[in-house]
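Please look over the structure shown here. Some questions and answers on its packing come after it.

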Amino acid sequence: MRMSTGKRVFLYAMSVILAIWLIGPILWIVDASFQLDNELFSIPPHWIPQKPTLDNYKYIITRVPPPAYAYDPGQIQMGHKASGEALAAIPALKNSFIVSTVTMALNVVISVLAAYAFSRLRFTGRNVSFSFIMLSRLIPAIAVAIPFFAIIQALRLLDTYLALILVYLAFTLPFTIWFMTKYFDFMPPDLEDAAMVDGCTRFQALTKVVVPIVAPGIAATGAFAFLNAYSEFLFAVLLTKTMASKTVPVVLSAAAINFDVSYALASTAVVLAIIPPIAFALIFRNYITSGLSMAFGK
Amino acid sequence: MAGGAARRRHIYAYLSILPAIVIIVLFTVYPILYNVDLALHKNVLTAPGSHPFTGLKNFADVLKNPGLVRSFRTTAEFTAVIVVGNVILGILIALLLNEKFFGARVLQVLILIPWAIPVVMAGIIWRWMFAGNIGVINGFLYSLGLIDKYYSFFGNPATAKLTLIVARLWKDVPLTAILLLATLQVIPHELYDAAKIDGGGAWAAFRYVTFPFLKPTLTVLLILETLTGFVTFDLVFVMTGGGPADATTLLAWYTYTEIFTHLNLGRGAALAFIIALLTLVMAMFYFWALRSEELY
């Protein structure tokens, strides 16, 4: 059935508005990253940079100030206000990557194991433990901020990757266990039953037969855990002290509330920081959307 | 032997869920007990070493503070606006994305971008978009001749609230739309044909076919977004700092500042306990409402 021209025009007009709303802010921050502060402060703003430059990227990546950033007292608006926060973007990215990747790997293993048992096995305490895991997710993070700090301090884990990884596991597992349980529920048990008749143990059936089949669900789980760990802020602020463990949100939030920040450098740091999650989401797009459809659809 | 098989099944099941349970107990049950203990004693960081039992005094102190009521009201307002905005925009966008045309396929990719961006970074980007010095929103309004000098969005309580709402919706509506779209796609086409034969227009089709299908997903989204409203912390941190005055002091931010500016852990724990209780009651209410719904 062909669409009427009027409807087509309307749909495209709405699409353009929606596209601007969705990616306009991103395009602007990218735009800003190719300008220096003196240009950013022009009124009205330059939608297309008049003097596009890679200096911000060079500065953040090499940490050697390019000539434009050389100290010049006459040029107050110039980028010499090199904020340390923005310059810490690369080490912070490294920390974020390590924490998020390890969280993702551990989350996938732990949640697949647990979800498989919840989905396939009848055992005493099954409903209670499942409800308990789900209910734990309802506790607001801020409500356990003080005890978390105390626990991490008692374990002598302040300012370490492990502290963040443990906390992020506790906060991501309820969702991923629920999600994987639902995912396993959709899978008919025939294949693994056949494998067990052929002499596989339950664990072997899971790793050799089931895991390859539910790989898309596992990818969605992993993506969810990674993105969550990468984004988390409250505990990252609370439990990190130095660049030994500070993650990207901590470093960038410090830049954001610093009124003396170089906007150009900080915008560049934001661009670098949002590339990994966007790439991640786009690469895993099919798994994420089909996984979500499965969990929320019929 | 049936008994042996059942025992093996139990052992396997317990071993499987053990790691998850251990981590969650360590980071939820224990913290709550710890919080209760803190809240029942005097515990001020400026006076270490002196922790007499004070009963419910911390709770009374917290509840007496008019700041709590104000921040609760601010949070309720904020939450109401984002829940309603999220549902309306989510449905409209999902309907647009469900149309069969090239634009929908492009948008289905673009819509993942705000969803993937960490809240802190979304907040920073919107903070700078609304800024009074480099803000492009000001620049845009100025170029159009709508304002003759840059406006300070963060200096006025109403517009400061607006900035938070805009950032929150930008970040949250995509997931709502994706989930609603997934639900839309399973609606059998015959139902629309039937609605057409019955002589209903587009609205009738939406009201009697589309909406009933969306309802269970909408209920889940309602819960998620309400909880989001009550725990929004990062956006306040990077965008408004709770101001001007306490116009954007949401509960999570209020709790954070109470703990870390007054360094009174006892009171902070009492406040945390009250907030956890509040969230739990709200969630229970939703589950109860959800249960009385007829789920398909």
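Residues are numbered from 1 along each chain as its sequence is written, with chains lettered from A and ligands numbered from 1 in the order in which they are written. In this predicted model local features need pLDDT of at least 70 and side-chain atom pairs count only at pLDDT 80 or more, while totals for chains, interfaces and linings use all residues.

Q: Is Phe148(A) buried or exposed?
A: Phe148(A) lies in H7(A), residues 145-154; helices are DSSP runs of H or I, at least four residues, numbered from the N terminus. A residue is buried if 20 or more other C-beta atoms, placed from the backbone, lie within 10 Å of its own, exposed if 12 or fewer, and partly exposed in between. Phe148(A) has 22 such atoms, so the residue is buried.

Q: Which residues of chain B does Phe148(A) touch?
A: Contact means C-beta atoms, placed from the backbone, within 7 Å. Leaving out residues up to four places away in sequence, Phe148(A) touches Val167(A) and Phe235(A), and from chain B Phe27(B) and Pro31(B).

Q: Why is H14(A) described as largely enclosed by the rest of the structure?
A: H14(A) covers residues 263-283. The helix is largely enclosed because the buried residues among its 21 number 15.

Q: Where in H14(A) does the kink lie?
A: The bend at a residue is the angle between axes fitted to the seven residues ending there and the seven starting there. In H14(A) a kink of about 30° comes shortly before the proline Pro276(A), at Ile275(A).

Terms used:
Helix = DSSP H or I, 4+ residues; strand = E, 2+ residues; numbered from the N terminus. Expected span 1.5 Å × (residues − 1). Contact = placed C-beta atoms within 7 Å.
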